[in-house]
Amino acid sequence: MPLSNRSLRLAGAALAALTLAACATAGPDFRAPAEPKGAAAAGYAMEGDPSATVARLDPDARLGGAWWRAFGSDDLDRTIRQALADSPTLAEARATLERAQAEAAAARGGQRPQVDASASAQRERINTSSFGFSGFPSPTINLYQVGASVSYDLDLFGGRRRATERAEARAEQAAREADAAYLTLSANIAAQAMRVAGLRAQLAAVEAVLADDRRIADMVARAQAAGGEAPSATTGVQAQLAEDEALVPPLQRQLALARHQLALLVGKSPAEWAAPDFELADFTLPGEVPVSLPSQLVRHRPDILAAEAELHAATAAIGVAAAAQYPDLRLSASLTQGAIKPESLFNYSASGWSLLSGVTAPIFHGGTLKAQRKAAEAEARASLARYQQTVLRAFVQVSDVLAALGADQDQIAAQTRARDAALANLKDAETAYRLGGGTLMQLTDAQRQLARARRGLAEAEAQRYADFVQLYAATAAADWRNAYPLEGAAPAG
């Protein structure tokens, strides 16, 4: 059947409206923020910071995936794997991501034509008197109806498109926040494992000191039996032994708390899960870690990318508020089949249809729409400020860790020298005391120096491992949804 002129005009008007809708989108288009000041610099260190020779700046560095495997510990790998599967923190992040992705899908669906079906059956008594037919009987009839309707918002000024853009940016933000949650959780577990290993190393150092105390006590007891020491000498040695034994309970308490905290991170109660007996000797110290330049860090750190996605969503919200100030055109059509007998329901004579185009335009809203746009613009400026602060915080975190690693190197070297010197001094003091050329006070002082040096070295070594963990956490690209997929995890969007 040929189209009438009226139909052609309607089709042309609809086509023109669609063309206009494709071209007009209210609000500013999002552009990634300019590179922050200092991002083009060659490094992170402030003048005067300790030099960390273990870190190598590399423009192509992009650490990601199971970064903790660099420490070579199977126990650490198993612990983190279990946490990634069982931790409520990560489960919450995954659920939040799935919700944001579903909301983005719903927003995209709102841009498409909306089709609905309806059906009804009713029994009705018609009151003929209400139509002015007095004396006529009022019949009771059955009415059956089926129908369908379709509607489409032409989105002339892009309000729905901006709303979809905002929802997709929020989904991206949730994805990056899930990445950050994964990175934070794995880093916290690795750091806690290093703490457990460090406390165990300190306990081992104290046990070595106690063994020396007991050996000296035996030496003094033999000297006293031979008449070379007064009875009070034994009291002094026993007092030193008791003082060193008092160092054990606080370390044991800290170790228990660290193990309990590890269970919490894994997502288990202390009664149902026991932390591995981590030892510093079980970890491999990375010889060199490639660290991305500041200009690259802003493109793969998850917290920075989440802040950028938040800024994108806030920018799109300006478009949503701006489009609300302009007219909106919606097309709709409906087809209804109605009959009093089911067998007549689908006859052509039982059909009815309607075509409708409707325009709504704001006239007066008391300044509400303008105020909403201003609020959206202010929120976008606040999001930009939060993004800039996130970038600065990231730079400072990397600088802190690099400076700490540089200090760790110097501290471990100094503590090693102090331990070796204290050990040699103790041997000399023992020999002098055994030969009668030294005093008990010199011997006990040498023992105290060795005890402090051993504990200091254990603490310094544990701190260096913990700082390495922080370096990975500060510079890694948390692409876990692709590099380390988990059952039930949302796919990368």
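Where pLDDT is low, the predicted coordinates should not be read in detail.

I noted the ground rules. This is a predicted model, so local features need pLDDT of at least 70 and side-chain atom pairs count only at pLDDT 80 or more, while totals for chains, interfaces and linings use all residues. Residues are numbered from 1 along each chain as its sequence is written, and side-chain values use heavy atoms, with hydrogens and water left out.

Next, the sheet. Which order do the four strands take? I read E2-E3-E5-E6, an open sheet with antiparallel pairing. Strands (E, at least two residues) and helices (H or I, at least four) are DSSP runs, numbered from the N terminus. Two strands pair if DSSP finds at least two bridges between them. Strand E2 (114-125) and strand E6 (351-360) are the edges, and each pairs on one side only. The twist averages 20° from one strand to the next.

I went through the pairs. E2 and E3 run antiparallel and are joined by twelve bridges. In this pair I found Ala117 opposite Ala148 in E3. Strand E3 (residues 140-153) and strand E5 (residues 328-339) are also antiparallel, with ten bridges. Asp153 stands opposite Arg330. Tyr152 stands opposite Leu331. Gly147 stands opposite Thr336. E5 and E6 are antiparallel too, joined by ten bridges. There, Ser332 stands opposite Leu356 in E6.

Then I turned to the helices. Two packed helices are described by the angle between their axes and the distance between the axes. Axes are lines fitted to C-alpha atoms, for helices over the stretch in contact, and angles run from 0 to 180 degrees between N-to-C directions.

How far apart are the axes of H8 and H9? For helix H8 (residues 302-323) and H9 I read 8 Å, at an angle of about 170°. H8 and H9 are therefore roughly antiparallel to each other (angles under 35 degrees count as roughly parallel, over 145 as roughly antiparallel, 65 to 115 as roughly perpendicular and the rest as oblique). The residues of this contact divide into 14 nonpolar, four polar and seven charged. Ala, Val, Leu, Ile, Met, Phe, Trp, Tyr, Cys and Pro count as nonpolar, Asp, Glu, Lys and Arg as charged, and the others, Gly among them, as polar.

Last, helix H9 (residues 368-434) packs on helix H10 (residues 440-475) at about 160°, with axes 7 Å apart. That makes H9 roughly antiparallel to H10. I logged 22 nonpolar, twelve polar and seven charged residues in the contact of H9 with H10.
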